[in-house]
Amino acid sequence: MTDSAVTDDLLSEVGTVIDECFQDAANRLGDLAGFGAVWEETRRAAEGGKLLRPRLLLAAHRAFDAGSPEDAIRAAAALELLHLAFLLHDDVIDRDVLRRGAPNLIARRRDAARAMGADEAEALRYGDSCAILAGDVLLSAAHRLIAELDAPAPRRRALWRVLSDAIGAAAVGEHADVLLGLQGGADEEAVLRTMEHKTARYSFSAPLRMGAILGGADATAVETLGVVGTTVGIAFQVRDDVLGVFGDPQRTGKSALSDLREGKITLLVAHAAADPSWQSASALFGDPGLDERGAAVLRAAIERSGGLARAEAAISGLVAEARATLMLSALPAALIDDLEHIIASAAERVR
C-alpha cells in the first residue's frame, strides 16, 4: 500500500487508541484474582502486528474523504482489537501455544499455573480459559469503539452491521474449518468458502467497506469494495497456505511444518487427497511428530497430485477476478492504485 494513502502518523494514532482501550479496560476490570496480569500479557501480545486491517480501512476512508480521519482511526483500532480477539480464540481452537514464534498467552498463563502447583491438564485449561476471556473483552472493546464514534447515527449503524456480520462469518468459518479437519478432507468449493468466512470477510472486505462508509461513499462503491476485498482475501489465504507448506521459514517467518503436523485441510490437500499418489504418504499427514524428512514426502505427494499447481492456478484466477472488478468499477483512482499493490502482494510467491 502506498505511503500517500496511509501515513505512519495515522497508524501511530491507531496504536495510541488501542493503548487507550487497553488502559481503559484495565481500569474498569480491576485486578480480581490477578486478572490484571492476564490483561497486561494480552496487551504485550498485541505489539508488533502489521496493522493490515487498519491500513485497508484508512486507505478506503481517505479515498472518499480527505477531511478529519478521527472516526476512521478509531474504527481502524476496533478492527485491530477484533483481530486480536480472533487470534486468541483461534489459538485455543487449534491448541497452539506459540504465536509469531514465541509462547502465546495460553502458554504463559499455563506456565503461571504450573508455578502455582497445577498439573499439566489443569494448567493448560487455565491458559485456554485466559485466552477465551481476554478475547471476549477485546470483542466488547471493539463494539464499544464503534458505538462511541461521532459519526452520524446511520453510519454508525452501518458500521455496526458490517462488524457484526464479520464476527458471525468468522465464527461460521472457524466451525467449518474445524469440521473439515474432523472429516479429513473437502472439495475445493468447501475450502474456498471456509476461507471466505473465516478470514477474507473480516480481514479484507470489512475494513474496506467500513472505511468507505465512514468516507461517505455510495452503496455501489461499498459493495464493490466488499467483493474485491473478499476475492483478494481468499487469494491471500491460499498464498499463506502454500507458504505454510512450501515456503522458506527464513524468508516467510512462518513454519513449513506446522500445517502438515496439524493436518490442516487446505486447497493443497483438498486436491492431493483426491489423487492416488497421496495415499502412500497420507499416514504422515497430521502426525504431531512429523520431521523434515516426512514433510518432504508429503510435499512431493502434493506436487505429484497437482495440488500445488491447482493452488497456484486458484490464486491467479482470484487475482484476475479482483483486477477485472476494479477495472469495471468507478472507484477513486488512488484507491484502485492502492488495491493493485495489495493484489500484487497476494500473487507473490514469497512474502
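This is a predicted model: local features need pLDDT of at least 70, side-chain atom pairs count only at pLDDT 80 or more; totals for chains, interfaces and linings use all residues.
Is Asp111 buried, partly exposed or exposed, and at what relative accessibility? Asp111 is partly exposed, at a relative accessibility of 34%.

The structure contains 19 salt bridges. Side chains of opposite charge can pair when their charged atoms come close.

| Salt bridge | N to O distance |
|---|---|
| Asp177 and Lys198 | 2.9 Å |
| Asp111 and Arg110 | 3.1 Å |
| Arg44 and Glu40 | 3.7 Å |

Asp111 pairs with Arg110. Arg110 counts as buried, at 15% relative accessibility, while Asp111 is partly exposed.

A salt bridge also joins the side chains of Asp177 and Lys198. Asp177 belongs to helix H7 (residues 153-183) and Lys198 to helix H8 (residues 188-214), so this pair ties together parts that are 21 residues apart in sequence. Asp177 is buried, with a relative accessibility of 14%. Lys198 is buried as well, at 17%; the cut-off for buried is under 20% relative accessible area.

The pair of Arg44 and Glu40 sits within helix H2 (residues 35-45), where the two residues are four apart and therefore separated by about one helical turn. Arg44 is partly exposed, with a relative accessible area of 41%. Glu40 is partly exposed too, with a value of 31%. Both residues belong to a network of salt bridges that links Glu40, Arg43, Arg44 and Glu47.

Note on methods:
Residues are numbered from 1 along each chain as its sequence is written. Side-chain values use heavy atoms; hydrogens and water are left out. A salt bridge is a side-chain nitrogen of Lys or Arg within 4 Å of a carboxyl oxygen of Asp or Glu. Buried means under 20% relative accessible area, exposed over 50%, partly exposed in between (1.4 Å probe, protein chains only).
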